[in-house]
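User: I would like to learn how to read the features of a model such as this one. Please take me through a helix, a sheet, the cores and the overall build.

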Amino acid sequence: MEPILTLDDVSYRYEDTLALGGIRLEIGSRELVGILGPNGSGKSTLLKLMDGLLKPESGTVFFSGRPIGAFKRSELARRIAFVAQEQPFQFSFTVLEVVLMGRSPHLKRLQFESDRDIEIAMQALRTVDVERLADRSIHELSGGEKQRVLIARALAQEPEIILLDEPTAFLDIKYKMEIFELIASLVRDKQVSVVAVTHDIDLAALYCNRLIILENGRLFSAGAPAEVVTSEGISAAYSCRVLVDRNPATGAPRVSLVGRAERCAESQACAEA
């Protein structure tokens, strides 16, 4: 099956700074891919290249087998949904109004939403389990509720792929898990692909089909979670010593930081041996 997104030797530069270099990867249909890496490694830039918001300095991004630059922006907006990390709202829109914004790529200039558009928006709210909030102000929601609404807005676009930039940032552990469960259910039930940039390595390893680590603008590693999330790999990519074992309940890789106290204890044990 042809991949939905392909990056062929893609590089991007911000003025004199190389943000990404020589990236080669494919995103398959109905695949949940997690993008990991330390701050400044190029993760958000990668998402913007996938969405066609940025043009590569070299190489080509292909969407459904065509160069992404060959698509009109309006067509890409109907097929690719991008949920950025920062989503400020200046006005007190209702939740339904926010989700209806996802229908704008399907409307003509100055055209109002039809009953069908409203039903699609309501279905998106039902899918993410926040239909009860339809008439609430977006400013009244908790972080987890707001994130579900933004994902519902992406669903209202009826896309083939959803790109998420740190969807669990600033959320507590309960909402982090719920968001990942929601994302996984969308891939399973709605036949969409999802690419999610995240710092939550353990959750990404538990829910994603495949993980990609960026380091200093380069593709550091890619593969199944058990192949990518290793003590050696995570320690090298993040310049921080960790230990990786298996979660006894799920079998997924689990990352533990090795602090100074643990290193001292380990060194003492070795000395005594």
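**Reading the fold**

Analyst: This is a predicted model. Start with helix α1, residues 43–50, which is mostly covered, with 6 of its 8 residues buried.

User: Which residues of α1 are buried?

Analyst: Residues count as buried when their relative accessible area is under 20%. In α1 this holds for Lys43, Thr45, Leu46, Leu47, Leu49 and Met50. After the helix comes Gly52, with a positive phi near 80°.

User: What does α1 lie across?

Analyst: Helix α1 lies across strands β3, β6, β7, β8 and β9, and its direction makes an angle of about 155° with β7. Helix α5, residues 143–156, lies across β6 and β7, at about 160° to β6.

User: In what order do the strands of the sheet stand?

Analyst: The order is β6-β7-β8-β3-β9-β10, an open sheet of 6 strands with mixed pairing. β6 (80–83) and β10 (218–223) are the edge strands; each has a single partner, so one side of each lacks a neighbour in the sheet. From one strand to the next the twist averages 15°.

User: How many bridges join β3 to β8?

Analyst: There are 4 bridges between β3 (residues 32–36) and β8 (residues 193–197), and the two strands run parallel. As one case, Val33 has Val195 in β8 as its bridge partner.

User: How should I read a nonpolar core?

Analyst: The general idea is that in soluble globular proteins nonpolar side chains tend to be buried together. Here the largest nonpolar core has 55 residues, and Val99 and Leu125 touch the most other members. Leaving out residues up to four places away in sequence, Leu125 touches Val95, Leu96, Val99, Val130, Glu131, Ala134 and Ala152. A second, separate core has 29 residues, including Leu5, Ile27, Phe71 and Leu163.

User: What covers the buried residues of α9?

Analyst: First, the residues themselves: in α9, residues 231–238, the buried ones are Ser231, Gly233, Ile234, Ser235 and Ala237. Their cover includes α7 (201–207), β9, β10, α8 (225–228) and β11 (242–246). Ser239 follows α9 and has a positive phi, near 55°.

User: Now a loop residue. Where is His139 found?

Analyst: His139 sits in the loop between α4 (115–127) and α5. Its relative accessible area is 47%, so His139 is partly exposed. Apart from neighbours within four places in sequence, His139 is in contact with Phe89, Gln90, Phe91 and Ser92.

User: How many helices and strands are in the chain, and how is its overall build described?

Analyst: The chain has 10 helices and 12 strands. Its radius of gyration is 20 Å, close to the 19 Å from the globule rule for 273 residues, so the chain is as compact as a globular protein of that length. The C-alpha trace spans about 75 × 45 × 35 Å along its principal axes.

Methods. Residues numbered from 1 in each chain as written. Predicted model: local features only at pLDDT ≥ 70, side-chain atom pairs only at ≥ 80, totals over all residues. Heavy atoms only, no water. Buried < 20%, exposed > 50% of the residue type's maximum accessible area, 1.4 Å probe, protein only. Pairing = 2+ DSSP bridges. Axes fitted to C-alpha atoms, helices over the stretch in contact; angles between N-to-C directions. Contact = heavy atoms within 4.5 Å. Core = buried A, V, L, I, M, F, W, Y, C linked by side-chain atoms within 4.5 Å. Rg over C-alpha atoms; globule rule 2.2 N^0.38 Å.
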